[in-house]
Amino acid sequence: MLARRRETHDTVSLVIEDPGVDYAPGQFNMLYAFGEGEVPISVSALAGARVTHTVRRVGPATAALVELSPGSPIGVRGPFGRGWPLADMAGKDVVVVAGGLGLAPLRPAVHTLLARRAEFGRLVLLYGARSPLDLLFTHEVERWRGRFDVEVMVTVDAAPRDWRGDVGVVTKLFGRIKVDPERAAVMVCGPEIMMQFAATGLLDAGFNEGDIWLSMERNMQCGAGVCGHCQLGPYLICRDGPVLTMSALRPLLRQREL
C-alpha cells in the first residue's frame, strides 16, 4: 500500500500500485486484510498504475484496512464486475446521483466524464450525505463546482446552523435538474433504500428506465460468480453487476427479501 488519506472520521482512501491491469470506472477489487478477512471495495480513483479504494469502517476486515499505514501489505484480487457504460452515454446529458459512500464508485466515472467533456451534453452531479462531516472528497467536489461545464448540488440530511448548503435527502434536488429526460443517462449509487427512492423519482420525472444505471452492493466472496453469495434474483452481482439498469432491477427492488 502506497498511501493513506483520511476522508472522514470513519473513512479513508488507500492507494495501491497495480501495474499492467486495466480498470473500468465502476469495477471493484477484493481487498484482503491479513488475519481479518476479505471485502469487496470499489475503485474510487485511477491514475496510471495507482488505484485508490475508499474504505469505511463497518466490520473487522474494514477496521483493519482503515488502520493500515503506507508500506503495509494488502491483498488484492480483481478487478471484478461490470462498470458504468460511459461509451453508451456519449452525446447524452448525464446525471450523477450519489448518496454517502456511493460517491466513491462514481468518482472514476466523473473523472472520465470531465476528461472527455466534449463527448457529453449537460453534466449534473447531485450528492447527499448524512451531515457535512460525512461528505467525501470535499475539496475535489468544490473544484468541480467551480467549473462552468458541470452543475453540482450538495445536500445533507442534518446540519449545524453554520451550514450554508441544502438540507434534505438527495431526491429533493431532482426538481432542479435542467436536462431533457428523454435524452439523458443517469448513474446512481448509494444505500439501497436511497437508490430505490431515487430511481422511482427519476422515473416519475420522465427518465427512461433503460437509461438509469444503479450500482448494487451484495455480500460478495468469490468475485467470480461461483459461490452465489451475491445473488440478486437471476443476477450474480459480482459477475453481472455491480452496475445494472433500472429496467433489470425494477421487479427485484420490489421484493423485500432479495
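This is a predicted model: local features need pLDDT of at least 70, side-chain atom pairs count only at pLDDT 80 or more; totals for chains, interfaces and linings use all residues.
Reader: Which residues of helix α6 are buried?

Author: Burial is judged by relative accessible area, with under 20% counting as buried. In α6, residues 246-253, this applies to Met246, Ala248, Leu249, Leu252 and Leu253. Viewed down the axis of α6, these buried residues fall within an arc of 150°, so they line one face of the helix.

Reader: Against which elements do the buried residues of α6 pack?

Author: They pack against α4 (192-204) and against the strands β12 (212-215), β13 (231-232), β14 (235-236) and β15 (243-245).

Reader: Which residues of the largest nonpolar core touch the most other members?

Author: A nonpolar core is a set of buried residues joined through side-chain atoms within 4.5 Å. Here the largest has 37 residues, and Val97, Leu126, Val188, Phe207, Ile212 and Leu214 touch the most other members. Elements supplying at least two residues each include β7 (93-99), β8 (123-129), α4 and α6; α4 gives the most, with 6 residues. Apart from this core lies another, of 32 residues, among them Ala98, Ala109, Leu136 and Val141.

Reader: With which residues is Ile212 in contact, leaving aside its neighbours within four places in sequence?

Author: Its contacts include Val186, Val188, Ala199, Phe207 and, in α6, Met246.

Reader: How many residues line the largest pocket, and of which classes are they?

Author: The lining has 40 residues, and Leu101, Gly102, Gly190, Pro191 and Glu217 lie nearest the centre of the pocket. By class, 21 are nonpolar, 13 polar and 6 charged. The space amounts to about 970 Å³. Helix α4 provides the largest share of the lining, 5 residues.

How values were computed. Residues are numbered from 1 along each chain as its sequence is written. Side-chain values use heavy atoms; hydrogens and water are left out. Buried means under 20% relative accessible area, exposed over 50%, partly exposed in between (1.4 Å probe, protein chains only). Helices (H or I, at least four residues) and strands (E, at least two) are DSSP runs, numbered from the N terminus. The arc is that of the directions from the helix axis to the C-beta atoms. Contact means heavy atoms within 4.5 Å. On a 1 Å grid over the protein atoms alone, a cavity is a set of points where a 1.4 Å probe fits but cannot get out, and a pocket is an open set with protein on both sides within 12 Å along at least five of seven lines; lining residues have an atom within 4 Å of a point. Grid points are joined across faces, edges and corners, and a volume is the space filled by probe spheres set on the points. Ala, Val, Leu, Ile, Met, Phe, Trp, Tyr, Cys and Pro count as nonpolar, Asp, Glu, Lys and Arg as charged, and the others, Gly among them, as polar.
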